[in-house]
Amino acid sequence: MSVLLVLDLSRPEELWHTLETLLGALQRRVDEVLKQLPAPAAKELHHLAWERVGVDHPDKSVLNPSLLPLAIVGSKYDLFLSSDSLNTEQRSCICKALRYVALTRGASLQFYSSKQEQLAPRLKSLLAAMAFRASSGAAICQVEPNKPIIISPGADTLQGIGSFKSHITGYDWKSWKNGFEEMFEQKVQTSQASGEDPAKDPQYAEAKIDELRRQKDQELEQYRKRGDRKTLDSAFN
């Protein structure tokens, strides 16, 4: 099983809360499953998690990689770039914050817009890799200004990300959370507060991503029907 988190870049006032809520739900589910797994299987999950980010990563001491393959997609990248309500510093802080979260959780990070068709192949490649546990190609860390971010798991570094703001220099989660919420006061939507699945909320709809996800879900189901499910897959279903 793999996990895809889609965040709306045009709503920074909801972004951190949404991200933290979903990551928290994921961690609780993983913890529940770990209690049911035999020790060798749990150990293998940890081994694979570190293998994705690199056991010799320079920031290993502050990383807490997800035990499941995790991808974060920042959607509505076109609105993120064109929004009059965001200045250059705010856009930079959003990018840095998402890079920090992706790095510390061992996730890949991609920005996407249905208005920019050139981004579709990269997203398809990501979904295929996650669905079938295939390689998504050579590691990449594209973080140039005014270009959509594309980062493979473990390809970024804290030094490359830099500090969130000049007066916030810590590399712990709380420092980044406080810094982000200082710049963007978070608004909690009703669906999030009540624990409903944000993926089913119309306000988070992203037609192209939803369609690609449906296609990959169908392909994965056909793939699974051709063979027996692995023990770890069964545990998370």
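1. Please keep in mind that the model is predicted.

2. The aromatic rings come next. Across the whole structure, a search turns up 8 aromatic pairs. In one of them, the ring centres of Tyr 100 and Trp 173 are 6.4 Å apart and the planes meet at 45 degrees, so the pair is tilted. Since Tyr 100 belongs to helix H4 and Trp 173 to helix H7 (residues 173-183), this pair ties together parts that are 73 residues apart in sequence. Which residues do ring pairs link into a cluster? They are Trp 16, Tyr 100, Trp 173, Trp 176, Phe 180 and Phe 184.

3. Tyr 100 is also a neighbour of Ile 161. Ile 161 sits in helix H6 (residues 158-161) and is buried, because its relative accessible area of 3% is under 20%. Leaving out residues up to four places away in sequence, Ile 161 touches Lys 96, Arg 99, Tyr 100, Leu 103, Asp 156 and Trp 176.

4. The largest nonpolar core has 46 residues, and Ile 94, Leu 98 and Phe 111 have the most contacts inside it. Helix H4 (residues 88-104) gives the most to this core, contributing 9 residues. Apart from this core lies another of 8 residues, including Tyr 112, Leu 119, Leu 123 and Leu 126. As background, nonpolar side chains in soluble globular proteins tend to be buried together.

5. Leu 98 is placed in helix H4 and, at 1% relative accessibility, counts as buried. Beyond four places in sequence, Leu 98 touches Leu 7, Leu 9, Leu 15, Leu 19, Leu 109 and Phe 111. The C-alpha atoms of Leu 98 and Leu 19 lie 9.4 Å apart, although the two residues are 79 residues apart along the chain.

6. At 1.5 Å a residue, the 15 residues of H2 (residues 39-53) should span 21 Å, and the end C-alpha atoms are 22 Å apart, which agrees. Where do the buried residues of H2 fall, seen down the axis? They lie within an arc of 115 degrees, so they line one face of the helix. The residues in question are Ala 41, Ala 42, Leu 45, Ala 49 and Val 53. On the face turned away from the buried side are the exposed residues Ala 39, Pro 40, Lys 43 and Glu 51. Just after H2, Gly 54 takes a positive phi of about 105 degrees.

7. Finally, some totals. The chain has 10 helices and 5 strands, and buried residues make up 44% of its 237 residues. Of the contacts between residues at least 6 apart in sequence, 71% join residues at least 24 apart. The accessible surface of the chain is about 12700 Å², with 49% belonging to carbon and sulfur atoms.

Conventions:
Residues numbered from 1 in each chain as written. Predicted model: local features only at pLDDT ≥ 70, side-chain atom pairs only at ≥ 80, totals over all residues. Heavy atoms only, no water. Core = buried A, V, L, I, M, F, W, Y, C linked by side-chain atoms within 4.5 Å. Buried < 20%, exposed > 50% of the residue type's maximum accessible area, 1.4 Å probe, protein only. Helix = DSSP H or I, 4+ residues; strand = E, 2+ residues; numbered from the N terminus. Expected span 1.5 Å × (residues − 1). Arc of directions from axis to C-beta. Contact = heavy atoms within 4.5 Å. Areas by Shrake-Rupley, 256 points an atom, 1.4 Å probe, with all protein chains shown as cover. Phe/Tyr/Trp six-rings, centres within 6.5 Å; stacked < 30°, edge-to-face > 60°.
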